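The sequence and the model are shown first, and a description follows.

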Amino acid sequence: CRDALSAKDQGFHALKLKVGIDPEKDVQRVAAIRKAVGSDVKLRLDANQGWNPKEAVRVIRTLEDKGMDIELVEQPVKAPDFEGMKYVKSNVSTLIMADESIFSPADALQLLKMQAADILNIKLMKCGGIHNALKINAIAETYGVECMLGSMIESKVSLTAATHLAAAKKNITRVDLDAAILLAEDPVHGGFRIEIPKLYPG
């Protein structure tokens, strides 16, 4: 809770919590953080493929029943399990976001054809750069599905490109581009600028 409160004090209005190892502890930890930060901070959960489909539904429904007001749950099941993603999406009210399931435009198209995700997480380092990112976003927009632009542990070089892409496409409605502030040292001069909670293309 200390880290969550610190992030809130810095001006972050959305927090991503890692879950997916122990379902009972996941629920307890999310409840504790929600109580600590209050209702005005969005909570996003990233299960990192940690649950099976039925387990994911059980945990997410428990959080819904407890009124945790989770904005979305990212990649609740194994990346190749598109049917599992569809099962989870079909059995909960919380938005389900695909991440590791999408490495290519073909993956995005298949997921959306199956109605297996509410949101797609595009990462330039994962999909092969801006060219494929634009394709994935166009597919999602065609299906009426919004995208988040995410990041891995990377420097301002790629994050600056991601910031420009996010600013250019209205279908990219969320960003998770905080990787640079997690680095012990920033070797890059220039690039995009962070003034929490806003990003400015450089």
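A residue counts as buried when its relative accessible area is under 20%, as exposed when that area is over 50%, and as partly exposed in between, with a 1.4 Å probe and protein chains only. The structure is a predicted model, in which local features need pLDDT of at least 70 and side-chain atom pairs count only at pLDDT 80 or more, while totals for chains, interfaces and linings use all residues. Residues are numbered from 1 along each chain as its sequence is written, and side-chain values use heavy atoms, with hydrogens and water left out.

**The sheet**

Helices (H or I, at least four residues) and strands (E, at least two) are DSSP runs, numbered from the N terminus. Two strands are said to pair if DSSP finds at least two bridges between them. An open sheet is formed by 7 strands in the order β1-β2-β3-β4-β5-β6-β7, with parallel pairing. Its edge strands are β1 and β7, each of which pairs on one side only. Neighbouring strands of this sheet are turned by 30° against each other on average, with direction ignored. Here, axes are lines fitted to C-alpha atoms, for helices over the stretch in contact, and angles run from 0 to 180 degrees between N-to-C directions.

Strands β1 and β2 run parallel and are joined by 5 bridges. Within this pairing, Lys16 has Arg44 of β2 as its bridge partner. On to β3 (residues 70-74), β2 pairs in the parallel sense over 4 bridges, and the bridge partner of Asp46 in β3 is Glu74. Strand β2 is mostly covered, as 4 of its 5 residues are buried.

**Salt bridges**

Side chains of opposite charge can pair when their charged atoms come close. A salt bridge is taken here as a side-chain nitrogen of Lys or Arg within 4 Å of a carboxyl oxygen of Asp or Glu. By this rule the model has 12 salt bridges. The table lists some of them.

| Pair | Closest N to O distance |
|---|---|
| Lys16 and Asp46 | 3.8 Å |
| Lys16 and Asp176 | 2.9 Å |

Lys16 forms a salt bridge with Asp46. Because Lys16 lies in strand β1 (residues 14-18) and Asp46 in strand β2 (residues 42-46), this pair ties together parts that are 30 residues apart in sequence. Lys16 also forms a salt bridge with Asp176. Asp176 lies in the loop between β7 (172-175) and β8 (193-195) and Lys16 in strand β1, so that pair ties together parts that are 160 residues apart in sequence.

The accessibility of these residues can be set against the cut-offs above. Lys16 counts as partly exposed because its relative accessibility is 33%. Asp46 has a relative accessible area of 2% and is therefore buried, and Asp176, with a relative accessible area of 14%, is buried. In the pair of Glu195 and Arg193, Glu195 is partly exposed with a relative accessible area of 40%, and Arg193 is partly exposed with 42%. Salt bridges that share partners join Lys16, Lys18, Asp46, Glu74 and Asp176 into one network.

**A lysine in strand β5**

Lys123 is placed in strand β5 (residues 119-123). Its relative accessibility is 11%, so Lys123 counts as buried. Contact means heavy atoms within 4.5 Å. Leaving aside residues up to four places away in sequence, Lys123 touches Glu74, Asp99, Gly150, Ser151 and Met152.

**Two helices in contact**

Helix α1 (residues 2-10) packs with helix α2 (residues 23-37) at an angle of about 35°, and their axes are 9 Å apart. The residues that make the contact are Ala4, Leu5 and Lys8 of α1 together with Ile33, Ala36 and Val37 of α2. These divide into 5 nonpolar, no polar and 1 charged. In this grouping Ala, Val, Leu, Ile, Met, Phe, Trp, Tyr, Cys and Pro count as nonpolar, Asp, Glu, Lys and Arg as charged, and the others, Gly among them, as polar.

Ile33, in helix α2, counts as buried because its relative accessibility is 13%. Apart from residues up to four places away in sequence, Ile33 touches Cys1, Ala4, Leu17 and Leu43. The C-alpha atoms of Ile33 and Cys1 are separated by 5.4 Å, although these residues are 32 residues apart along the chain.
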